[in-house]
Amino acid sequence: MENNVIVEMKDITKSFPGVKALDSVSLTLRRGSIHALVGENGAGKSTLMKILSGTYKKDAGEVRYKGRVVDFRSEREALDAGISIVPQELAYVPGLTIEENIFLGREPATGGVISKKTRCQKTKELISELKLQMEPTTKMSDISIAQCQMVEIIKAISRGAEVVIMDEPTSSLTTVETQKMFEQVRALKAKGIAVVYISHKLDEIMELCDAITVLRDAKLIGSIPRKEASEAKIIQMMVGRDMGKVYPPVGTCGTEEVLRVEGLTRQGVFENISFTLHRGEVLGFSGMVGAGRSEVMRALFGMDSYQSGSIFINKEKVKIRSTQDAIRAGICLVFEDRAIHGFVGDLTVSENVMLPSAKEYSKYGGLDFKRIAREVSGQTELLRIKTPSIHQKTAFLSGGNQQKVVLAKWLIRKDVKVLIMDEPTRGIDIGAKQEIYQIIKDLAAQGMAIIIVSSEMPEVINVSQRIIVMDSGRILDEFPHENATQDGIMKTIIDGGRKL
(Lines give C-alpha, C1' and ligand atoms only; values in the text may rest on other atoms or scores of the structure.)
Protein backbone atom coordinates (compact mmCIF):
# COMPACT_ATOMS: atom_id res chain seq x y z
CA MET A 1 0.00 0.00 0.00
CA GLU A 2 1.34 3.45 -0.98
CA ASN A 3 2.32 5.75 1.85
CA ASN A 4 -0.53 8.19 1.20
CA VAL A 5 -3.18 5.50 0.63
CA ILE A 6 -5.34 5.10 3.73
CA VAL A 7 -8.18 2.89 2.43
CA GLU A 8 -8.29 0.16 -0.21
CA MET A 9 -11.57 -1.60 -0.91
CA LYS A 10 -11.19 -4.51 -3.32
CA ASP A 11 -13.94 -6.44 -5.14
CA ILE A 12 -16.65 -5.57 -2.60
CA THR A 13 -19.93 -7.43 -3.15
CA LYS A 14 -23.19 -7.00 -1.24
CA SER A 15 -26.74 -8.24 -1.84
CA PHE A 16 -30.09 -7.54 -0.21
CA PRO A 17 -33.27 -9.55 -0.73
CA GLY A 18 -34.04 -9.27 -4.43
CA VAL A 19 -31.32 -6.68 -5.06
CA LYS A 20 -27.58 -6.87 -5.80
CA ALA A 21 -26.33 -3.62 -4.27
CA LEU A 22 -22.61 -4.00 -5.08
CA ASP A 23 -20.95 -6.22 -7.66
CA SER A 24 -17.15 -6.49 -7.20
CA VAL A 25 -16.55 -2.76 -6.58
CA SER A 26 -13.10 -1.36 -5.72
CA LEU A 27 -12.12 2.04 -4.31
CA THR A 28 -8.85 3.66 -3.18
CA LEU A 29 -8.75 6.67 -0.84
CA ARG A 30 -5.69 8.85 -0.16
CA ARG A 31 -4.82 11.08 2.78
CA GLY A 32 -5.40 14.78 2.21
CA SER A 33 -7.62 14.14 -0.81
CA ILE A 34 -11.29 14.86 -1.55
CA HIS A 35 -12.67 11.89 -3.47
CA ALA A 36 -16.07 12.17 -5.17
CA LEU A 37 -18.29 9.10 -5.28
CA VAL A 38 -21.05 9.54 -7.85
CA GLY A 39 -23.76 7.55 -9.58
CA GLU A 40 -27.51 7.40 -9.92
CA ASN A 41 -29.59 6.50 -6.90
CA GLY A 42 -29.34 2.76 -6.39
CA ALA A 43 -25.87 2.62 -7.96
CA GLY A 44 -24.39 1.44 -4.64
CA LYS A 45 -22.61 4.54 -3.32
CA SER A 46 -24.16 4.63 0.14
CA THR A 47 -23.96 0.83 0.48
CA LEU A 48 -20.22 0.93 -0.25
CA MET A 49 -19.67 3.61 2.38
CA LYS A 50 -21.86 1.83 4.92
CA ILE A 51 -19.62 -1.21 4.55
CA LEU A 52 -16.55 0.96 5.11
CA SER A 53 -18.15 2.61 8.15
CA GLY A 54 -19.32 -0.65 9.75
CA THR A 55 -23.06 -0.31 9.15
CA TYR A 56 -23.29 -3.23 6.70
CA LYS A 57 -21.34 -6.48 6.43
CA LYS A 58 -19.93 -7.22 2.99
CA ASP A 59 -20.67 -10.55 1.30
CA ALA A 60 -17.27 -10.73 -0.39
CA GLY A 61 -14.14 -8.68 -0.99
CA GLU A 62 -11.46 -7.09 1.18
CA VAL A 63 -11.09 -3.78 3.03
CA ARG A 64 -7.63 -2.52 4.00
CA TYR A 65 -7.34 0.43 6.36
CA LYS A 66 -3.91 1.93 7.03
CA GLY A 67 -2.31 -1.16 5.52
CA ARG A 68 -4.15 -3.87 7.46
CA VAL A 69 -7.20 -5.93 6.59
CA VAL A 70 -10.24 -4.84 8.62
CA ASP A 71 -13.81 -6.05 8.98
CA PHE A 72 -15.64 -3.54 11.16
CA ARG A 73 -18.56 -5.12 12.99
CA SER A 74 -20.28 -1.86 13.92
CA GLU A 75 -20.30 1.89 13.34
CA ARG A 76 -18.78 2.34 16.80
CA GLU A 77 -15.84 0.11 15.88
CA ALA A 78 -15.25 2.10 12.67
CA LEU A 79 -15.57 5.40 14.55
CA ASP A 80 -13.04 4.29 17.13
CA ALA A 81 -10.68 3.39 14.28
CA GLY A 82 -11.04 6.87 12.74
CA ILE A 83 -13.75 6.49 10.08
CA SER A 84 -16.66 8.90 10.47
CA ILE A 85 -19.76 9.38 8.32
CA VAL A 86 -21.85 12.55 8.04
CA PRO A 87 -25.17 11.18 6.75
CA GLN A 88 -27.55 12.97 4.42
CA GLU A 89 -30.26 12.80 7.09
CA LEU A 90 -28.35 14.43 9.93
CA ALA A 91 -28.34 12.52 13.21
CA TYR A 92 -28.62 15.05 16.02
CA VAL A 93 -30.87 15.74 19.00
CA PRO A 94 -32.69 19.07 18.41
CA GLY A 95 -33.38 19.68 22.10
CA LEU A 96 -29.72 19.43 23.10
CA THR A 97 -27.03 22.08 22.68
CA ILE A 98 -24.22 22.07 20.15
CA GLU A 99 -21.68 20.89 22.72
CA GLU A 100 -24.02 18.22 24.08
CA ASN A 101 -24.54 16.83 20.58
CA ILE A 102 -20.83 16.82 19.76
CA PHE A 103 -19.94 14.84 22.89
CA LEU A 104 -23.15 12.83 23.22
CA GLY A 105 -22.33 9.44 24.75
CA ARG A 106 -18.69 10.32 25.41
CA GLU A 107 -18.88 13.35 27.67
CA PRO A 108 -15.63 14.38 29.37
CA ALA A 109 -15.93 13.45 33.04
CA THR A 110 -14.01 13.72 36.28
CA GLY A 111 -14.68 11.13 38.97
CA GLY A 112 -17.75 9.93 37.07
CA VAL A 113 -19.24 13.43 36.92
CA ILE A 114 -19.65 15.18 33.54
CA SER A 115 -17.37 18.21 33.32
CA LYS A 116 -19.49 20.85 31.57
CA LYS A 117 -16.63 23.33 31.72
CA THR A 118 -14.27 20.96 29.89
CA ARG A 119 -16.93 20.06 27.34
CA CYS A 120 -17.62 23.72 26.60
CA GLN A 121 -13.91 24.57 26.33
CA LYS A 122 -13.22 21.67 23.95
CA THR A 123 -16.19 22.68 21.80
CA LYS A 124 -14.95 26.27 21.61
CA GLU A 125 -11.52 25.04 20.50
CA LEU A 126 -13.05 22.87 17.78
CA ILE A 127 -15.28 25.71 16.55
CA SER A 128 -12.31 28.06 16.52
CA GLU A 129 -10.22 25.51 14.62
CA LEU A 130 -12.69 25.63 11.74
CA LYS A 131 -13.11 29.43 12.07
CA LEU A 132 -16.83 29.19 12.70
CA GLN A 133 -19.15 31.57 14.54
CA MET A 134 -21.26 29.47 16.90
CA GLU A 135 -21.88 29.32 20.63
CA PRO A 136 -21.48 25.87 22.26
CA THR A 137 -24.56 26.39 24.45
CA THR A 138 -26.92 27.13 21.54
CA LYS A 139 -29.62 24.50 21.02
CA MET A 140 -29.50 22.60 17.74
CA SER A 141 -33.15 23.51 17.14
CA ASP A 142 -32.10 27.18 17.00
CA ILE A 143 -29.48 26.89 14.25
CA SER A 144 -29.75 26.47 10.48
CA ILE A 145 -29.36 23.22 8.53
CA ALA A 146 -26.04 24.57 7.25
CA GLN A 147 -24.81 25.03 10.83
CA CYS A 148 -26.06 21.54 11.73
CA GLN A 149 -23.84 20.22 8.93
CA MET A 150 -20.90 22.10 10.48
CA VAL A 151 -21.64 20.53 13.86
CA GLU A 152 -21.49 17.07 12.26
CA ILE A 153 -18.06 17.93 10.82
CA ILE A 154 -16.90 19.15 14.23
CA LYS A 155 -18.16 15.90 15.75
CA ALA A 156 -16.07 13.92 13.25
CA ILE A 157 -12.94 15.95 14.02
CA SER A 158 -13.51 15.59 17.75
CA ARG A 159 -13.38 11.81 17.34
CA GLY A 160 -9.97 12.03 15.65
CA ALA A 161 -11.35 10.99 12.26
CA GLU A 162 -8.85 10.19 9.52
CA VAL A 163 -11.55 9.40 6.96
CA VAL A 164 -14.72 11.53 6.75
CA ILE A 165 -17.60 10.39 4.53
CA MET A 166 -20.04 13.13 3.53
CA ASP A 167 -23.33 12.01 1.99
CA GLU A 168 -25.05 14.82 0.04
CA PRO A 169 -23.77 17.49 2.45
CA THR A 170 -25.18 20.45 0.50
CA SER A 171 -28.56 19.01 -0.47
CA SER A 172 -30.45 21.64 1.56
CA LEU A 173 -27.93 24.48 1.41
CA THR A 174 -27.99 27.64 -0.68
CA THR A 175 -25.12 28.73 -2.92
CA VAL A 176 -23.61 30.96 -0.24
CA GLU A 177 -23.90 28.29 2.45
CA THR A 178 -22.41 25.71 0.09
CA GLN A 179 -19.30 27.85 -0.37
CA LYS A 180 -18.92 28.05 3.42
CA MET A 181 -19.23 24.28 3.55
CA PHE A 182 -16.49 23.97 0.94
CA GLU A 183 -14.17 25.97 3.20
CA GLN A 184 -14.66 23.38 5.96
CA VAL A 185 -14.13 20.45 3.59
CA ARG A 186 -10.90 22.01 2.34
CA ALA A 187 -9.86 22.51 5.97
CA LEU A 188 -10.27 18.76 6.50
CA LYS A 189 -8.12 18.11 3.44
CA ALA A 190 -5.43 20.46 4.76
CA LYS A 191 -5.34 18.42 7.98
CA GLY A 192 -4.49 15.31 5.94
CA ILE A 193 -7.95 13.79 6.31
CA ALA A 194 -9.34 11.69 3.44
CA VAL A 195 -12.78 12.97 2.48
CA VAL A 196 -15.34 10.94 0.53
CA TYR A 197 -17.80 13.35 -1.06
CA ILE A 198 -21.07 11.78 -2.25
CA SER A 199 -23.07 14.25 -4.34
CA HIS A 200 -25.34 14.54 -7.34
CA LYS A 201 -24.27 18.15 -7.91
CA LEU A 202 -21.66 17.87 -10.61
CA ASP A 203 -20.68 21.54 -10.50
CA GLU A 204 -19.68 21.05 -6.86
CA ILE A 205 -17.65 17.97 -7.70
CA MET A 206 -15.78 19.77 -10.48
CA GLU A 207 -14.98 22.66 -8.15
CA LEU A 208 -14.07 20.76 -5.00
CA CYS A 209 -12.85 17.21 -5.59
CA ASP A 210 -9.46 15.78 -6.53
CA ALA A 211 -10.64 12.43 -7.92
CA ILE A 212 -13.94 10.94 -9.04
CA THR A 213 -15.24 7.36 -8.89
CA VAL A 214 -18.41 6.48 -10.78
CA LEU A 215 -20.73 3.57 -9.98
CA ARG A 216 -23.62 2.39 -12.15
CA ASP A 217 -26.03 -0.48 -11.50
CA ALA A 218 -23.95 -1.70 -8.52
CA LYS A 219 -20.76 -1.88 -10.62
CA LEU A 220 -17.59 0.20 -10.83
CA ILE A 221 -17.53 2.17 -14.10
CA GLY A 222 -14.23 3.91 -13.44
CA SER A 223 -12.10 6.29 -11.37
CA ILE A 224 -10.54 9.41 -12.91
CA PRO A 225 -8.63 12.47 -11.65
CA ARG A 226 -10.66 15.69 -11.77
CA LYS A 227 -8.37 17.21 -14.44
CA GLU A 228 -9.49 14.48 -16.86
CA ALA A 229 -13.20 14.94 -16.05
CA SER A 230 -16.02 17.08 -17.39
CA GLU A 231 -19.66 17.20 -16.38
CA ALA A 232 -20.65 15.63 -19.72
CA LYS A 233 -18.17 12.79 -19.23
CA ILE A 234 -19.34 12.11 -15.67
CA ILE A 235 -22.99 12.05 -16.74
CA GLN A 236 -22.17 9.66 -19.58
CA MET A 237 -20.40 7.34 -17.12
CA MET A 238 -23.27 7.60 -14.61
CA VAL A 239 -26.22 6.93 -16.88
CA GLY A 240 -24.62 5.26 -19.91
CA ARG A 241 -26.50 7.54 -22.28
CA ASP A 242 -26.84 11.12 -23.44
CA MET A 243 -29.21 12.91 -21.06
CA GLY A 244 -30.19 15.71 -23.44
CA LYS A 245 -32.07 18.49 -21.70
CA VAL A 246 -32.58 17.93 -17.97
CA TYR A 247 -35.49 20.37 -17.69
CA PRO A 248 -38.58 19.92 -19.87
CA PRO A 249 -40.04 23.11 -21.40
CA VAL A 250 -42.20 25.11 -18.98
CA GLY A 251 -45.86 24.79 -19.92
CA THR A 252 -48.64 27.34 -19.72
CA CYS A 253 -51.27 27.45 -17.00
CA GLY A 254 -54.87 28.52 -16.77
CA THR A 255 -56.38 31.52 -15.01
CA GLU A 256 -58.72 29.54 -12.73
CA GLU A 257 -57.83 30.25 -9.10
CA VAL A 258 -57.31 27.14 -6.98
CA LEU A 259 -55.55 28.54 -3.90
CA ARG A 260 -55.49 32.04 -2.47
CA VAL A 261 -53.55 33.02 0.64
CA GLU A 262 -54.17 36.42 2.24
CA GLY A 263 -52.07 37.96 5.01
CA LEU A 264 -50.95 34.66 6.53
CA THR A 265 -48.91 35.39 9.66
CA ARG A 266 -47.15 33.36 12.30
CA GLN A 267 -45.53 35.67 14.81
CA GLY A 268 -41.75 35.64 14.63
CA VAL A 269 -41.71 33.19 11.69
CA PHE A 270 -43.48 34.75 8.70
CA GLU A 271 -45.81 37.70 8.19
CA ASN A 272 -48.38 38.97 5.70
CA ILE A 273 -47.91 36.17 3.18
CA SER A 274 -50.27 36.65 0.24
CA PHE A 275 -50.32 34.89 -3.12
CA THR A 276 -52.55 32.99 -5.55
CA LEU A 277 -52.08 29.66 -7.32
CA HIS A 278 -53.92 28.67 -10.49
CA ARG A 279 -55.04 25.46 -12.12
CA GLY A 280 -52.18 23.84 -14.00
CA GLU A 281 -49.60 26.23 -12.54
CA VAL A 282 -46.21 25.46 -11.03
CA LEU A 283 -45.43 28.24 -8.55
CA GLY A 284 -41.87 28.34 -7.23
CA PHE A 285 -40.68 29.68 -3.89
CA SER A 286 -37.04 30.77 -3.76
CA GLY A 287 -34.86 32.25 -1.03
CA MET A 288 -32.10 31.47 1.40
CA VAL A 289 -32.45 28.57 3.84
CA GLY A 290 -34.28 30.07 6.82
CA ALA A 291 -36.29 32.49 4.69
CA GLY A 292 -39.56 31.03 5.98
CA ARG A 293 -40.65 29.19 2.82
CA SER A 294 -40.97 25.74 4.40
CA GLU A 295 -42.67 27.23 7.47
CA VAL A 296 -45.38 28.77 5.27
CA MET A 297 -45.94 25.40 3.60
CA ARG A 298 -46.14 23.63 6.96
CA ALA A 299 -48.84 26.11 8.01
CA LEU A 300 -50.79 25.51 4.79
CA PHE A 301 -50.61 21.78 5.51
CA GLY A 302 -51.71 22.19 9.13
CA MET A 303 -48.39 21.12 10.66
CA ASP A 304 -47.89 24.52 12.30
CA SER A 305 -50.43 27.06 13.49
CA TYR A 306 -50.84 30.62 12.23
CA GLN A 307 -52.22 33.60 14.15
CA SER A 308 -53.90 35.51 11.35
CA GLY A 309 -54.66 35.45 7.67
CA SER A 310 -56.99 33.53 5.38
CA ILE A 311 -56.75 30.50 3.07
CA PHE A 312 -59.16 29.97 0.19
CA ILE A 313 -59.61 26.82 -1.90
CA ASN A 314 -61.59 27.33 -5.10
CA LYS A 315 -62.58 30.76 -3.69
CA GLU A 316 -64.09 29.23 -0.55
CA LYS A 317 -62.48 30.09 2.79
CA VAL A 318 -61.09 27.12 4.70
CA LYS A 319 -59.70 26.89 8.21
CA ILE A 320 -56.59 24.73 8.48
CA ARG A 321 -56.02 23.64 12.09
CA SER A 322 -54.51 20.22 11.42
CA THR A 323 -53.11 18.04 8.67
CA GLN A 324 -56.51 16.32 8.51
CA ASP A 325 -58.10 19.70 7.74
CA ALA A 326 -55.55 20.32 4.99
CA ILE A 327 -56.02 16.89 3.40
CA ARG A 328 -59.81 17.30 3.48
CA ALA A 329 -59.38 20.67 1.78
CA GLY A 330 -57.25 19.03 -0.90
CA ILE A 331 -53.82 20.35 0.19
CA CYS A 332 -51.00 17.82 0.32
CA LEU A 333 -47.31 18.26 1.17
CA VAL A 334 -44.26 16.29 0.04
CA PHE A 335 -41.80 17.07 2.84
CA GLU A 336 -38.17 18.10 2.46
CA ASP A 337 -37.06 15.45 4.98
CA ARG A 338 -38.79 12.50 3.33
CA ALA A 339 -37.09 9.92 5.60
CA ILE A 340 -38.65 11.55 8.69
CA HIS A 341 -42.06 12.78 7.51
CA GLY A 342 -42.47 11.20 4.08
CA PHE A 343 -42.43 7.45 4.58
CA VAL A 344 -41.85 4.65 7.09
CA GLY A 345 -38.81 2.67 6.05
CA ASP A 346 -39.94 -0.63 7.56
CA LEU A 347 -43.26 -0.50 5.69
CA THR A 348 -43.64 -1.73 2.14
CA VAL A 349 -44.18 0.45 -0.90
CA SER A 350 -47.86 -0.49 -0.86
CA GLU A 351 -48.29 0.23 2.85
CA ASN A 352 -46.61 3.64 2.56
CA VAL A 353 -48.67 4.66 -0.44
CA MET A 354 -51.89 3.71 1.38
CA LEU A 355 -51.07 5.37 4.72
CA PRO A 356 -53.20 8.53 4.31
CA SER A 357 -55.97 6.81 2.35
CA ALA A 358 -56.79 3.62 4.24
CA LYS A 359 -60.41 4.66 4.93
CA GLU A 360 -61.06 5.22 1.23
CA TYR A 361 -59.93 1.67 0.48
CA SER A 362 -61.86 -0.22 3.14
CA LYS A 363 -64.45 -2.88 2.41
CA TYR A 364 -66.85 -4.52 4.87
CA GLY A 365 -64.83 -3.19 7.79
CA GLY A 366 -61.47 -4.32 6.37
CA LEU A 367 -59.08 -3.21 3.65
CA ASP A 368 -59.81 -4.09 0.02
CA PHE A 369 -56.39 -5.55 -0.73
CA LYS A 370 -57.16 -6.39 -4.36
CA ARG A 371 -58.15 -2.80 -5.08
CA ILE A 372 -55.14 -1.52 -3.13
CA ALA A 373 -52.76 -3.74 -5.12
CA ARG A 374 -54.35 -2.56 -8.37
CA GLU A 375 -54.15 1.14 -7.47
CA VAL A 376 -50.61 0.99 -6.03
CA SER A 377 -49.36 -1.01 -9.02
CA GLY A 378 -50.90 1.65 -11.26
CA GLN A 379 -49.04 4.42 -9.44
CA THR A 380 -45.83 2.42 -9.48
CA GLU A 381 -46.09 2.06 -13.24
CA LEU A 382 -47.17 5.68 -13.79
CA LEU A 383 -44.28 7.12 -11.76
CA ARG A 384 -41.81 4.46 -12.93
CA ILE A 385 -40.92 3.42 -9.38
CA LYS A 386 -38.11 0.89 -9.58
CA THR A 387 -38.88 -1.84 -7.06
CA PRO A 388 -38.90 -5.67 -7.18
CA SER A 389 -42.54 -5.50 -6.07
CA ILE A 390 -45.02 -3.28 -4.24
CA HIS A 391 -44.30 -5.45 -1.18
CA GLN A 392 -40.64 -4.38 -1.02
CA LYS A 393 -39.68 -2.40 2.10
CA THR A 394 -39.35 1.25 1.17
CA ALA A 395 -36.04 1.58 3.07
CA PHE A 396 -34.37 -0.62 0.45
CA LEU A 397 -35.27 1.69 -2.45
CA SER A 398 -33.02 4.43 -3.80
CA GLY A 399 -33.63 8.05 -2.79
CA GLY A 400 -35.27 8.92 -6.08
CA ASN A 401 -37.65 5.97 -5.85
CA GLN A 402 -38.43 6.77 -2.21
CA GLN A 403 -39.38 10.28 -3.33
CA LYS A 404 -41.72 8.79 -5.94
CA VAL A 405 -43.34 6.61 -3.26
CA VAL A 406 -44.02 9.75 -1.21
CA LEU A 407 -45.51 11.40 -4.30
CA ALA A 408 -47.63 8.34 -5.05
CA LYS A 409 -49.03 8.53 -1.51
CA TRP A 410 -50.83 11.73 -2.52
CA LEU A 411 -51.50 11.06 -6.19
CA ILE A 412 -53.44 7.91 -5.33
CA ARG A 413 -56.03 10.21 -3.79
CA LYS A 414 -58.64 11.62 -6.13
CA ASP A 415 -59.26 14.85 -4.17
CA VAL A 416 -55.87 16.58 -4.30
CA LYS A 417 -56.22 20.19 -5.46
CA VAL A 418 -52.89 21.65 -4.32
CA LEU A 419 -49.65 19.65 -4.29
CA ILE A 420 -46.78 21.24 -2.35
CA MET A 421 -43.29 19.84 -2.95
CA ASP A 422 -40.56 21.03 -0.57
CA GLU A 423 -37.07 20.41 -2.03
CA PRO A 424 -38.51 17.81 -4.45
CA THR A 425 -35.15 16.56 -5.76
CA ARG A 426 -33.07 16.78 -2.61
CA GLY A 427 -30.41 14.07 -2.61
CA ILE A 428 -31.45 12.34 -5.82
CA ASP A 429 -29.40 11.79 -8.96
CA ILE A 430 -29.63 13.64 -12.26
CA GLY A 431 -31.55 10.84 -13.98
CA ALA A 432 -34.16 10.72 -11.20
CA LYS A 433 -34.31 14.53 -11.19
CA GLN A 434 -35.15 14.54 -14.87
CA GLU A 435 -37.97 12.07 -14.19
CA ILE A 436 -39.34 14.14 -11.29
CA TYR A 437 -39.31 17.31 -13.44
CA GLN A 438 -41.24 15.53 -16.17
CA ILE A 439 -43.75 14.21 -13.62
CA ILE A 440 -44.26 17.76 -12.31
CA LYS A 441 -44.85 19.07 -15.84
CA ASP A 442 -47.26 16.21 -16.65
CA LEU A 443 -49.26 16.77 -13.45
CA ALA A 444 -49.52 20.49 -14.19
CA ALA A 445 -50.62 19.73 -17.75
CA GLN A 446 -53.41 17.60 -16.26
CA GLY A 447 -54.57 20.61 -14.20
CA MET A 448 -52.82 20.02 -10.87
CA ALA A 449 -51.89 23.22 -8.99
CA ILE A 450 -48.34 22.77 -7.71
CA ILE A 451 -46.03 24.71 -5.37
CA ILE A 452 -42.28 24.01 -5.52
CA VAL A 453 -39.94 25.09 -2.71
CA SER A 454 -36.30 24.75 -3.73
CA SER A 455 -32.89 26.00 -2.62
CA GLU A 456 -31.50 25.22 -6.08
CA MET A 457 -32.11 28.35 -8.16
CA PRO A 458 -31.67 26.64 -11.56
CA GLU A 459 -34.35 24.15 -10.50
CA VAL A 460 -36.94 26.64 -9.31
CA ILE A 461 -36.31 28.92 -12.32
CA ASN A 462 -36.53 26.16 -14.93
CA VAL A 463 -39.56 24.35 -13.49
CA SER A 464 -41.86 27.21 -12.42
CA GLN A 465 -44.13 29.58 -14.34
CA ARG A 466 -43.78 32.15 -11.55
CA ILE A 467 -41.22 32.49 -8.75
CA ILE A 468 -41.92 34.14 -5.39
CA VAL A 469 -38.81 35.28 -3.53
CA MET A 470 -38.88 35.21 0.27
CA ASP A 471 -36.49 36.36 2.96
CA SER A 472 -36.77 36.74 6.74
CA GLY A 473 -40.35 35.49 6.74
CA ARG A 474 -41.73 37.89 4.15
CA ILE A 475 -42.30 38.04 0.41
CA LEU A 476 -39.84 40.36 -1.35
CA ASP A 477 -40.85 40.05 -4.99
CA GLU A 478 -42.34 37.90 -7.72
CA PHE A 479 -40.82 36.97 -11.09
CA PRO A 480 -42.53 35.49 -14.17
CA HIS A 481 -40.55 32.59 -15.64
CA GLU A 482 -39.34 34.58 -18.64
CA ASN A 483 -37.81 37.31 -16.43
CA ALA A 484 -36.32 35.12 -13.70
CA THR A 485 -32.53 34.86 -13.39
CA GLN A 486 -30.21 33.75 -10.59
CA ASP A 487 -28.61 37.20 -10.49
CA GLY A 488 -32.00 38.89 -10.30
CA ILE A 489 -33.19 36.68 -7.45
CA MET A 490 -29.96 37.12 -5.48
CA LYS A 491 -30.08 40.91 -5.98
CA THR A 492 -33.65 40.91 -4.67
CA ILE A 493 -32.57 39.02 -1.54
CA ILE A 494 -29.60 41.32 -0.95
CA ASP A 495 -31.60 44.49 -1.55
CA GLY A 496 -34.34 43.13 0.67
CA GLY A 497 -32.03 43.15 3.65
CA ARG A 498 -30.44 39.70 3.73
CA LYS A 499 -26.79 39.97 4.81
CA LEU A 500 -24.68 37.42 2.94
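Which residues does Cys 209 touch, not counting residues up to four places away in sequence? In this predicted model, where local features need pLDDT of at least 70, side-chain atom pairs count only at pLDDT 80 or more, and totals for chains, interfaces and linings use all residues, the answer is Ile 34, Ala 36, Tyr 197, Glu 204 and Arg 226. Residues are numbered from 1 along each chain as its sequence is written, and side-chain values use heavy atoms, with hydrogens and water left out. Contact here means heavy atoms within 4.5 Å.

Cys 209 sits in the loop between helix H7 (202–208) and strand E11. Helices (H or I, at least four residues) and strands (E, at least two) are DSSP runs, numbered from the N terminus. With a relative accessibility of 0%, Cys 209 counts as buried; buried means under 20% relative accessible area, exposed over 50%, and partly exposed in between (1.4 Å probe, protein chains only). Arg 226 is 17 residues away from Cys 209 along the chain, yet their C-alpha atoms are separated by 6.7 Å.

Now for the sheet. Strands of a sheet pair through backbone hydrogen bonds, either parallel or antiparallel. Two strands are taken to pair if DSSP finds at least two bridges between them. Six strands make up an open sheet with mixed pairing, in the order E6-E9-E10-E3-E11-E12. Strand E6 (83–86) and strand E12 (219–225) stand at the edges with a single partner strand each, so one side of each has no neighbour in the sheet. From one strand to the next, the twist averages 20°. Helix H8 (residues 231–239) packs on this sheet, where it touches E3, strand E11 (211–216) and E12, and its direction makes about 30° with that of E11. Such angles run from 0 to 180 degrees between N-to-C directions, and axes are lines fitted to C-alpha atoms, for helices over the stretch in contact.

Strand E10 (residues 194–198) is worth a look of its own. Five of its five residues are buried, so E10 is largely enclosed by the rest of the structure. Ala 194, Val 196 and Ile 198 cover one side, while Val 195 and Tyr 197 are on the other. On the E3 side, four bridges join E10 to strand E3 (residues 34–38), and the two run parallel. Here His 35 stands opposite Val 196, and Leu 37 is opposite Ile 198. Strand E9 (residues 163–167) also pairs with E10 in the parallel sense, over five bridges, with Val 164 as the bridge partner of Val 195.

E1 pairs with strand E2 (residues 19–30) in the antiparallel sense over eight bridges, and Met 9 stands opposite Leu 27 in E2. The two form a hairpin with two residues between them, and Gly 18 in the turn has a positive phi of about 80°. Gly 54, which follows H1, has a positive phi near 85°.

Helices pack on each other as well. Two packed helices are described by the angle between their axes and the distance between the axes. For helix H5 (residues 145–158) and helix H6 (residues 175–190), the axes come within 10 Å and cross at roughly 5°. H5 and H6 are therefore roughly parallel to each other (angles under 35 degrees count as roughly parallel, over 145 as roughly antiparallel, 65 to 115 as roughly perpendicular and the rest as oblique). H5 brings Ala 146, Gln 149, Met 150, Ile 153 and Ile 157 to the contact, and H6 brings Glu 177, Lys 180, Met 181, Gln 184 and Leu 188.

That leaves the cores. A nonpolar core is a set of buried Ala, Val, Leu, Ile, Met, Phe, Trp, Tyr and Cys residues joined through side-chain atoms within 4.5 Å. The largest has 69 residues, of which Phe 275, Leu 419 and Ile 451 touch the most other members. Helix H15 (residues 430–445) gives the most to this core, with seven residues. Apart from it lies another core, of 48 residues, among them Leu 90, Val 185, Val 214 and Ala 229.
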